[in-house]
Amino acid sequence: VRVEGEVPTVPMLWVSNHVSWTDIPLLGMLAPLSFLSKAEVRAWPVAGWLAHKAGTLFIRRGSGESNLVGQQLGRHLGLGRNLLIFPEGTTTDGSLVRTFHGRLLTSACETGVAVQPVAIRYLRDGERDSVAPFIGEDDLVSHLVRLLRSPCSEVEIRLLTPIPSSGRHRNALAREAQQAVQVALFGEAPPDELAA
């Protein structure tokens with residue numbers, strides 16, 4: 001694991017691209033972080049229990065409870081705690097950065113807490129790792145077995161320049177964080193940003 005950049009000394013809303021469930025323990029080793037996770041993770045054997053004990057906030061996606069979730073995130077940040085979210089809303093194979101959903105950054109705008117963009121990449125022999133991504137119909141046990149049977153991969157974690165949130169609109173903040181992660185991983189702005 002290689003880490004570039006400075007770990008924040010003040011609480012922030014960390015936002016990262018999302019490749020695998022392994023992102024969580026890898027990023028969690030950098031600072032005391034709470035995570036936002038889909039509710040289904042709570043039912044996972046061992047991992048769900050560990051996530052709960054670590055202070056993970058669980059949400060039911062598509063449940064129409066976005067205001068309640070926003071209040072929960074705002075309270076958490078207001079208590080001076082670091083929180084990490086994956087604003088893409090799902091994992092990818094690591095070949096792209098999906099749209100960062102602005103509604104998940106509302107709590108940062110409302111509390112004035114800065115956003116800490118994070119870019120995470122898994123490599124094997126200098127190329128994108130095809131074993132690390134936890135995507136599609138993967139289940140935790142099968143994925144864990146595949147990881148354990150494979151040689152170690154490299155993980156690059158880049159802590160990018162924090163973005164102030166005060167006076168910002170959540171969508172503009174999300175686009176800026178997404179672009180920072182995109183540039184860190186692939187050296188170019190997302191296509192929709194190039195057109196603007």
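1. Where is Arg-124 found? Arg-124 sits in strand β6; strands here are DSSP E runs of at least two residues, helices are H or I runs of at least four, and both are numbered from the N terminus. Before going on, the ground rules: this is a predicted model, where local features need pLDDT of at least 70, side-chain atom pairs count only at pLDDT 80 or more, and totals for chains, interfaces and linings use all residues. Residues are numbered from 1 along each chain as its sequence is written, and side-chain values use heavy atoms, with hydrogens and water left out.

2. The overall picture, quickly. The protein has seven helices and eight strands. Of its 196 residues, 44% count as buried (under 20% relative accessible area; exposed is over 50%, partly exposed in between, with a 1.4 Å probe and protein chains only). Taking contacts (heavy atoms within 4.5 Å) between residues at least 6 apart in sequence, 70% join residues at least 24 apart.

3. Now β6 itself, residues 115-124. Nine of its 10 residues are buried, so the strand is largely enclosed by the rest of the structure. It has several pairing partners (two strands pair if DSSP finds at least two bridges between them). With β2 (residues 13-16) the pairing is parallel, over four bridges, and Trp-14 stands opposite Gln-116. With β8 (residues 154-159) it is antiparallel, over six bridges, and there Ile-120 faces Ile-157.

4. The β6–β7 end is worth a look in your viewer. These two strands pair in the antiparallel sense over two bridges, with Arg-124 opposite Glu-127. They form a hairpin with two residues between them. Asp-125 is in that loop, and its phi is near 55°, a positive value in a residue other than glycine. Asp-125 counts as exposed because its relative accessible area is 77%.

5. Back to Arg-124: is it buried or exposed? Its relative accessibility is 18%, so Arg-124 counts as buried. Leaving out residues up to four places away in sequence, Arg-124 touches Asp-129, Val-131, Ser-150, Pro-151, Cys-152 and Ser-153.

6. Compare that with Arg-128, which lies in β7 (residues 127-128). Arg-128 has 43% relative accessibility, so this one counts as partly exposed. Beyond its neighbours within four places in sequence, Arg-128 is in contact with Asp-93, Gly-94, Ser-95, Tyr-122 and Leu-123. Its side chain reaches the backbone oxygen of Asp-93 at 3.2 Å. Arg-128 and Ser-153 are 25 residues apart in sequence, and their C-alpha atoms are 9.7 Å apart.

7. Last item, the second largest pocket. Its volume is about 210 Å³, and the residues lining it include Tyr-122, Arg-124, Ser-150, Pro-151, Cys-152 and Ser-153. By class, the lining has eight nonpolar, three polar and one charged residue (Ala, Val, Leu, Ile, Met, Phe, Trp, Tyr, Cys and Pro are nonpolar; Asp, Glu, Lys and Arg charged; the others, Gly among them, polar). On method: a 1 Å grid over the protein atoms alone is used, and a pocket is an open set of points where a 1.4 Å probe fits, with protein on both sides within 12 Å along at least five of seven lines; lining residues have an atom within 4 Å of a point. Grid points are joined across faces, edges and corners, and the volume is the space filled by probe spheres set on them.

Terms used:
Polar contact = N/O pair within 3.5 Å; in protein donor to acceptor, adjacent residues only side chain to side chain.
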